[in-house]
Amino acid sequence: MIKGLFETHLFVENLERSIEFYTNVLKLKQFLNEEERRAALFWIGDKPRQSFLGLWEKPKDEIDLRHFAFECDWEWILNESVDFLKSHKIDFWNFLGDDSENPMVFANIPAIAIYFSDPDGHYLEFIGKLPGKYRPEKGSMVVSYEEWLELEKNEK
């Protein structure tokens with residue numbers, strides 16, 4: 001029945017600032033800007049109509065912080081995501097919040113991820129599915145990429 005997530009929406013304090021961030025930093029393609037309703041919509045992914053993000057301007061006291069993740073190539077996350085975030089002066093952290101600049105691996109999925117915030121403080125994530133088998137028995141185990149490679153080696 002359900003095949004994926006088609007859309008998600010965020011409230012933002014300053015629509016123009018958020019359009020700038022999502023267009024120029026994250027390179028999402030804007031397909032609608034409704035000035036009267038103070039809303040903007042962006043396609044997520046390589047193809048239009050795959051999924052989208054909606055931004056709606058609201059007063060600061062009406063904004064509740066949300067979290068969602070952008071699916072990315074796992075090699076990009078491992079090798080380039082941190083430099084990308086640094087180049088745009090975006091604070092970032094890993095799931096463990098251990099002051100490491102390294103993305104972490106959710107061993108059960110397996111997937112590698114790094115977290116950051118948009119200008120309003122919404123919690124965003126770059127996540128990429130690693131090659132490997134889904135292992136629900138790993139539960140909520142979160143490890144470094146190097147530790148995950150060792151786990152995978154020992155599973156074979």
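In the predicted model, helix H4 spans residues 145-155, and its buried residues are Tyr145, Trp148 and Glu152. These three residues lie on the same side of H4, because the arc that they cover around the axis is only 55 degrees. The face turned away from this buried side carries Glu146, Lys153 and Asn154, which are exposed. The partners against which the buried residues of H4 pack are helix H2 (74-79) and three strands, namely S7 (104-106), S8 (111-117) and S10 (142-144).

Two further buried residues were examined in this part of the chain. Arginine 135 lies in the loop between S9 and S10. The relative accessibility of arginine 135 is 10%, and this residue therefore counts as buried, the limit being under 20%. When neighbours within four places in sequence are left aside, arginine 135 is in contact with Asn108, Glu152 and Glu155; of these, Glu152 is also one of the buried residues of H4. Serine 144 is found in strand S10, one of the elements against which the buried residues of H4 pack. With a relative accessible area of 18%, serine 144 is likewise buried. Residues up to four places away in sequence not being counted, serine 144 touches Met104 and Val105.

In soluble globular proteins, nonpolar side chains tend to be buried together. The largest nonpolar core of the model comprises 35 residues, and those touching the most other members are Tyr22, Leu26, Phe70, Phe116 and Phe126. Helix H1 (residues 15-25) gives the most to this core, contributing five residues. The contacts of phenylalanine 70, with residues up to four places away in sequence not counted, are Tyr22, Leu26, Leu28, Ile44, Leu124, Glu125, Phe126 and Ile127.

Two or more residues of the lining come from each of the strands S1 (7-12), S3 (39-44), S4 (51-57), S5 (67-71) and S9 (123-129). By residue class, the lining divides into 18 nonpolar, five polar and seven charged residues.

Technical notes. Residues are numbered from 1 along each chain as its sequence is written. This is a predicted model: local features need pLDDT of at least 70, side-chain atom pairs count only at pLDDT 80 or more; totals for chains, interfaces and linings use all residues. Side-chain values use heavy atoms; hydrogens and water are left out. Buried means under 20% relative accessible area, exposed over 50%, partly exposed in between (1.4 Å probe, protein chains only). Helices (H or I, at least four residues) and strands (E, at least two) are DSSP runs, numbered from the N terminus. The arc is that of the directions from the helix axis to the C-beta atoms. Contact means heavy atoms within 4.5 Å. A nonpolar core is a set of buried Ala, Val, Leu, Ile, Met, Phe, Trp, Tyr and Cys residues joined through side-chain atoms within 4.5 Å. Ala, Val, Leu, Ile, Met, Phe, Trp, Tyr, Cys and Pro count as nonpolar, Asp, Glu, Lys and Arg as charged, and the others, Gly among them, as polar.
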